[in-house]
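Here is my note on the side-chain contacts and backbone. Please read it with the model open.

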Amino acid sequence: MSNGAAYASTKPVKRKKQTPWPEQLFHFVNYMVFILIGLTTLLPFVNLISKSLSSESAVISGQVNLFPVGFQLETYAYVLKNEMFLNSFKISIILTIVGTFLSLFLTTITAYPLSKPRLRGRKWLLLIFIFTMLFSGGLIPMYLLMQNLNLINTLPVLFLPALVNVYNMLIIKNYFEGLPESLEESAKIDGASNLRILFYVILPLSLPVLATIALFFAVYFWNDYFAAMIYITNPSLKPMQLFLKELLVSSSGEFLKQGNVDAAMNTTPQSIQAASILLATLPILVVYPFLQKYFVKGVLVGSVKG
C-alpha cells in the first residue's frame, strides 16, 4: 500500500453535524407560518380570478371559491370593450411613464449634489428636505395652490406635486456616498464636468438603486387614486385606480349600463369588478420581474449609510 493510500485510510472522516431537534422544530414552525401568511395573501387573488372566469349564475349563487364554475371569457371581452376602462387604462399608463421618468430624474439630480460634503450649506438643505418629509401644509392649501396654478382637471396635477420624494432621494444619496471618490477624481483629471461625471460614471454604477426607486415611483403613480379623487372631475382624465374605486363603491352596477347590452346580460357586477381589478394589476406584474434582481440589492446598499 502506498503512503498516499495509507494516509487516506487513516484520515478521520468528518461527520455532518446533526441539527438539534429544537432548531429543526423552530425552522418547521417558521416555514408553516410563512406558508400560511403567503396563502392568506394569495387566496383572495385566486378568488378574484375564479369569479372573473365563472358564469353569471355561479357568481350570483355564491358557488365560486377557488376554482371557476361555468368557465367563460365574456367578462374580459366586455371589460376590454368598455371605453371608460380603456381610457382610464391609457391615462394610468401615461401618468406612470411620465411621472416615473420625471420623478427619477429630478430625485437623482437632487441627491447627487447633496451627497457631496463639499457642498456649502449641505446640512441645512438636508434639514429643509427632511422637514418637508415630516410636515406639510395640508390638503386644503395644496388644493388652493393647484387651483391658483390652473392645474385642476389637468394631467400634470397628478404627478407634479409628487416629483421629488424625499425618502427616495435619501436612499439614492446614501448610495452615491458609498461610491469610491477616486472614480470622480480620475474623471475630473480627464477634464469631465460634473454633469458628465454624473451621467457617464455615477449613474451606470447605480443601476440597482435606480431600478429600485423607479419601481417605487411606478407602483405609486399606478396605484394612486387619492390625488385624482381630489383634483379630477373630468371623466376623461380619471386614471385606472379612481375608475376602480368608483366601480367598487357603486353597488347599482352603473358600469353595466354602458356598452354591449347583450354581453351585460351574461355578466355580474362582481365578475366585472374582479376582471377589472385583475387587468389593472397586470402592468405592474409584468414590469416587476425585470427589476426584481435589482430590488433587494438596491434598497440594502442605499440604506447602509445614514
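Is Phe221 buried or exposed? Phe221 counts as buried, at 2% relative accessibility. Buried means under 20% relative accessible area, exposed over 50%, and partly exposed in between, using a 1.4 Å probe and protein chains only.

1. Basis. This is a predicted model, in which local features need pLDDT of at least 70 and side-chain atom pairs count only at pLDDT 80 or more, while totals for chains, interfaces and linings use all residues. Residues are numbered from 1 along each chain as its sequence is written, and side-chain values use heavy atoms, with hydrogens and water left out.

2. Aromatic pairs. The structure holds eight of them. Rings of Phe, Tyr and Trp (its six-membered ring) pair if their centres lie within 6.5 Å; planes under 30 degrees apart count as stacked, over 60 as edge-to-face and the rest as tilted. One of the pairs is Tyr143 with Tyr231, which is stacked, at 6.0 Å centre to centre and 10° between the planes. Tyr143 lies in helix H7 (residues 139–148) and Tyr231 in helix H12 (residues 226–231), so this pair ties together parts that are 88 residues apart in sequence. Helices here are DSSP runs (H or I, at least four residues), numbered from the N terminus. Tyr143 is partly exposed at 28% relative accessibility. Tyr231 is buried at 6%.

3. Phe221 and its partner. The rings of Tyr220 and Phe221 are edge-to-face, because their planes stand at 70° with the centres 5.3 Å apart. Tyr220 is partly exposed, with a relative accessible area of 41%.

4. Other ring contacts. Phe85, Phe89, Trp222 and Phe243 form one aromatic cluster. Separately, the charged end of Arg196 sits over the ring of Tyr200, 4.7 Å from its centre. The criterion is NZ of Lys or CZ of Arg within 6 Å of the ring centre and within 35 degrees of the ring normal.

5. Salt bridges. How many salt bridges does the structure hold? There are four. Each needs a side-chain nitrogen of Lys or Arg within 4 Å of a carboxyl oxygen of Asp or Glu. One of them joins Lys116 and Glu184, at 2.2 Å, N to O. Lys116 lies in the loop between helix H5 (83–114) and helix H6 (122–134), and Glu184 lies in helix H9 (residues 181–189), so the pair ties together parts that are 68 residues apart in sequence. Lys116 and Glu184 are buried.

6. The Arg122 bridge. Arg122 meets Glu177 in a salt bridge of 2.6 Å, N to O. Arg122 lies in helix H6 and Glu177 in helix H8 (residues 166–177), so parts 55 residues apart in sequence are tied together. Both residues, Arg122 and Glu177, are buried.

7. Lys238 and Glu246 form a salt bridge of 2.9 Å, N to O. Lys238 counts as buried at 17% relative accessibility. Glu246 is partly exposed at 32%. Salt bridges with shared partners join Arg122, Lys173 and Glu177 into one network.

8. Backbone. Most residues other than glycine have a negative phi. Asn150 has a positive phi, near 60°. Asn150 sits in the loop between H7 and H8 and is exposed, with a relative accessible area of 63%. The phi of Asn153 is also positive and near 60°. Asn153 is found in the loop between H7 and H8; its relative accessible area is 27%, so Asn153 is partly exposed.

Terms used: Helix = DSSP H or I, 4+ residues; strand = E, 2+ residues; numbered from the N terminus.
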